[in-house]
Amino acid sequence: MKNKKNLGLWLTLLIFLGITVLPTTPLVKIGIALILVGGFVFWKRSIFFYIQGNRHLVKKDRQQWHKAWPLYQKALHSGLIPAYRITIASMYIQRDDANVGKAIIEEYLAQKRKKEDTALTNIAKTMLSMVYWMEDDMDTAIGLVKEVYDSGYRDKNLFINYGTYALEQGDLTTARMLVEQGSGYEKTSPGIHDNHGWLCLLEGKWDEANGLYTTLVEKGPAFPEPFLHAAQVKIHYGKVGEALELLEKALLARYSNTTSMSKEIIRTLKERLEDPKTRRSCALEIEQNTGLVASGNLPPALTETFGEEQALVLSGFAKEKEKPKNKQEAKKHNLPEEDYTPNTDLTEADLEYARKHGGEGL
């Protein structure tokens, strides 16, 4: 395999060596070399367009992103290799027109290849599931990731996407299975870590969720879901002040087409918690609709009215347990061992998949 990768380099060196020994003038040699270089650049132009597109899309200034799409289209029409085509599809799904990304993936899946790249096909199907999830076609989305899962393929994006769909559907059995099987990725994948915490919310394991989100929030995830889920934990303990800080972080996080919640919903929750007139009612609405809020939806309003609530720690809610003092106590309460001591192992919250293949899932 390595020899095949180096074949182009060796051929290039041999050609240029051949040019140097040609019995002709230096000017003619230079001309031949320029023609060969030009031919090589034309041959590899799809890679050039692809790289230039990536340079625009990694910029923090979103106004620069629009420059990437024409370059990606040139790359796609210049014979770009399948792996990079799927990467471009993922970029479209997350940051531009998801239908374009969907079409790229479906075209790839419809092609008949002599030797199929099974891993790339599974990655493509996992990506495609996100489009159907965005379209609220949960049956198709789950069908795709289940097909990938049943094939025996495993990666963290599959665990994240499949787990997210299961959690949104309330399928806690499948969600628990995926969290357990994907536990090896949890320390390096904020998405899987968040799914674990989200599952604890739905199972009513608030103390375990508290420990998980204490660790995850310290790592500074780039996407908003963990901050909303962590705020729900604080609301469970009546700690409105801490929940407001987490919702502010959620508003400052990175949003994309595949983010499961909107800034408008988080802003609405934050404003109602900030207002003493609606503070208690909003906290109760969040507490009584855990699954709905965790999926990024506003809870239904309570018919009961309450007086103004100036306190940032509300009475009548659960009492937060003290943090364990050692490993043995942490294990006794089924809490992460990291929770009893400050975590200094900070990692970049952007998903590795977003950098290598266009995204960490949801």
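Tutor: Let us begin with a term that we shall need throughout: a residue is called buried when its relative accessible area is under 20%, and exposed when that area is over 50%, with partly exposed in between. The model before us is predicted, and every value we discuss is computed from it.

Student: Which residues of helix H10 are buried, then?

Tutor: In H10, which spans residues 172–181, the buried positions are Thr 174, Ala 175, Arg 176, Leu 178 and Val 179. Their cover includes helix H8 (138–150), helix H9 (156–169) and helix H11 (190–203).

Student: How many helices and strands does the protein chain have, and what percentage of its residues is buried?

Tutor: The chain has 19 helices and 0 strands, and 47% of its 362 residues are buried. As for the surface, the accessible area comes to about 19,200 Å², with 56% of it belonging to carbon and sulfur atoms.

Student: Is Ser 295, in its loop, buried or exposed?

Tutor: The loop in question runs between helix H17 (290–294) and helix H18 (327–332). Ser 295 has a relative accessible area of 14%, and therefore counts as buried. Once its neighbours within four places in sequence are set aside, Ser 295 is in contact with Glu 168, Trp 198 and Ser 260.

Student: Which residues of the largest nonpolar core touch the most other members?

Tutor: A core of this kind is read as a set of buried nonpolar residues joined through their side-chain atoms. Here the largest one has 43 residues, and those touching the most other members are Leu 57, Tyr 72, Ile 86, Ile 88, Ile 105 and Tyr 165. Two or more residues are given to this core by each of helix H3 (45–57), helix H4 (68–76), helix H5 (82–95), helix H6 (98–110), helix H7 (118–134), H8 and H9, and the largest share, 9 residues, comes from H7.

Student: Where in the chain do Lys 270 and Glu 248 lie?

Tutor: The closest N and O atoms of that salt bridge are 3.3 Å apart. Lys 270 belongs to helix H15 (residues 263–274) and Glu 248 to helix H14 (residues 240–251), so the parts tied together are 22 residues apart in sequence. Lys 270 is buried at 13% relative accessible area, whereas Glu 248, at 32%, counts as partly exposed. Elsewhere, salt bridges with shared partners join Lys 234, Lys 239, Glu 242 and Glu 320 into one network. Within it, the side chains of Glu 242 and Lys 234 meet at 3.3 Å, N to O; Lys 234 is buried, at 12%, while Glu 242 is partly exposed, at 33%.

Student: Why is the pair of Tyr 50 and Tyr 84 stacked?

Tutor: Ring planes under 30 degrees apart count as stacked, and those over 60 as edge-to-face. The search finds 7 aromatic pairs. The planes of Tyr 50 and Tyr 84 lie at 10°, with the ring centres 4.4 Å apart, so the pair is stacked. Tyr 50 sits in helix H3 and Tyr 84 in helix H5, 34 residues apart. Tyr 50 is buried, at 8%, and Tyr 84 is partly exposed, at 30%. Tyr 149 and Tyr 162, by contrast, are edge-to-face, at 5.9 Å centre to centre and 70° between the planes.

Student: Which residue has its charged end over the ring of Tyr 149?

Tutor: That residue is Arg 154, whose charged end sits 3.7 Å from the ring centre. Likewise, Arg 95 lies over the face of Trp 65, at 4.4 Å from the ring centre.

Definitions and conventions: Residues numbered from 1 in each chain as written. Predicted model: local features only at pLDDT ≥ 70, side-chain atom pairs only at ≥ 80, totals over all residues. Heavy atoms only, no water. Helix = DSSP H or I, 4+ residues; strand = E, 2+ residues; numbered from the N terminus. Buried < 20%, exposed > 50% of the residue type's maximum accessible area, 1.4 Å probe, protein only. Areas by Shrake-Rupley, 256 points an atom, 1.4 Å probe, with all protein chains shown as cover. Contact = heavy atoms within 4.5 Å. Core = buried A, V, L, I, M, F, W, Y, C linked by side-chain atoms within 4.5 Å. Salt bridge = Lys/Arg side-chain N within 4 Å of Asp/Glu carboxyl O. Phe/Tyr/Trp six-rings, centres within 6.5 Å; stacked < 30°, edge-to-face > 60°. Lys NZ or Arg CZ within 6 Å of the ring centre and 35° of its normal.
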